[in-house]
Amino acid sequence: MSARLTLVTLAVAIYAASAVDGSPNYTYSEETMELIESLEKQCLQRTGSSETFEKLVAGYTFAPMCFAGYLDLDGLDSGFDELDDSNRVQYFDTYCPQLNQSLQCVNPMFDLLRKCWDGEELAFWDIMFNMVPEALNLICKDHGEILFRLGRPDYDMCKTRFEDYAVECTDKISNYTETMKLSKLNEDQCYELREFRNCAAEKLNICKGSGIIELADVFYKPLMKASSCAKYIDSEPNNPVGTNEIS
């Protein structure tokens with residue numbers, strides 16, 4: 001479901017960009033066109049007119065100009081490449097407020113998308129929308145400390161084991177669980193998702209990369225609360241006790 005929402009969003013963005021560019025000869029992939037048409041159909045069915053979809057496309061068209069009005073994009077990008085302990089305070093004090101202000105550029109588009117989704121898709125979309133400012137605040141906290149943890153020796157030593165760790169953790173989720181809708185997950189499948197999250201937390205803790213799981217939990221916790229898993233598991237996961245062992 002999340003992949004489908006992302007694809008729809010990207011499809012509309014491409015559609016809007018081509019409208020601005022005025023390139024009538026641009027050819028879309030069959031899948032992209034199906035996604036655009038699906039969203040347009042859903043908007044029409046839910047609202048009774050094409051107005052919402054047209055506003056959505058117009059919103060994507062205007063979004064880059066809106067972001068440019070709040071964000072120094074060149075400075076944000078070039079400054080990140082040169083980021084270190086000597087300049088991180090100035091960098092995050094400068095660009096975190098800009099990023100927070102720029103979020104208002106996407107508010108109208110989320111409001112329009114809400115009109116086109118219903119049921120579980122709408123609940124998922126609201127989780128995605130609400131997690132963005134929280135995730136941004138976590139990244140900006142203590143002038144990017146969550147990112148700087150990842151550049152330290154313990155984490156670098158662990159990078160070579162990431163592939164093995166990923167296989168070990170994903171093996172805890174069955175193919176059946178991967179295809180289920182959130183509202184249809186049963187108790188065993190919810191436990192699988194919890195074990196996957198806890199496995200990832202354990203491995204990241206070994207690597208001294210606990211900040212990543214903190215960021216992931218911004219999404220995981222509300223997702224569990226919104227799903228049928230709320231009946232079976234605690235949405236406040238327990239993180240592992242620190243360890244120095246790299247296994």
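Figure 1. Threonine 52 is buried, because its relative accessible area is 7% and anything under 20% counts as buried. Keep in mind that we are looking at a predicted model. The residue has its place in helix 3. What does threonine 52 touch, once its neighbours within four places in sequence are left aside? Its contacts are Cys43, Thr47, Leu112, Lys115 and Cys116. The next view shows where some of these partners belong.

**Figure 2. Helix 3 meets helix 6.** Here helix 3 spans residues 51–70 and helix 6 spans residues 107–116. Their axes come within 10 Å and cross at roughly 155 degrees. Are the two helices roughly parallel or roughly antiparallel to each other? They are roughly antiparallel, because angles over 145 degrees are counted that way. The crossing in which helix 3 passes helix 6 is left-handed. On the helix 3 side, the contact is made by Thr52, Lys55, Leu56, Gly59, Tyr60 and Ala63. Helix 6 answers with Met109, Leu112, Leu113, Lys115 and Cys116. Sorted by class, this contact has seven nonpolar, two polar and two charged residues.

Figure 3. Helix 4 runs through residues 73–81, and its buried residues are Gly75, Leu76 and Gly79. Why do they lie on the same side of helix 4? They cover an arc of only 100 degrees around the axis, which puts them together on that side. A handy rule goes with this picture: an α-helix has 3.6 residues a turn, so residues three or four places apart point the same way. Now look at the face turned away from the buried side, where you will find the exposed residues Asp74, Asp77 and Asp81. Part of what covers the buried residues is helix 5, residues 88–102.

**Figure 4. Leucine 122 in helix 7.** Leucine 122 is found in helix 7, which covers residues 119–140. Is leucine 122 buried or partly exposed? With a relative accessible area of 23%, leucine 122 is partly exposed, because the cut-off for buried is under 20%. Not counting residues up to four places away in sequence, leucine 122 touches Arg114 and Trp117.

Figure 5. Aspartate 142 is found in the loop between helix 7 and helix 8, the latter being residues 145–148. Its phi is near 55 degrees, a positive value in a residue other than glycine. Histidine 143 has its place in the loop between helix 7 and helix 8, and has a positive phi of about 55 degrees although it is not a glycine. How accessible are they? Aspartate 142 counts as exposed at 52% relative accessibility, while histidine 143 is partly exposed at 26%.

**Figure 6. Stepping back to the whole protein.** How many helices and strands are there in the protein? The count is 13 helices and zero strands. Of the 247 residues, 36% are buried. Consider the contacts between residues at least 6 apart in sequence: 72% of them join residues at least 24 apart.

Notes. Residues numbered from 1 in each chain as written. Predicted model: local features only at pLDDT ≥ 70, side-chain atom pairs only at ≥ 80, totals over all residues. Heavy atoms only, no water. Buried < 20%, exposed > 50% of the residue type's maximum accessible area, 1.4 Å probe, protein only. Helix = DSSP H or I, 4+ residues; strand = E, 2+ residues; numbered from the N terminus. Arc of directions from axis to C-beta. Contact = heavy atoms within 4.5 Å. Axes fitted to C-alpha atoms, helices over the stretch in contact; angles between N-to-C directions. Parallel < 35°, antiparallel > 145°, perpendicular 65-115°, else oblique. Left-handed = near helix turned anticlockwise from the far one by under 90°. Nonpolar A, V, L, I, M, F, W, Y, C, P; charged D, E, K, R; others polar.
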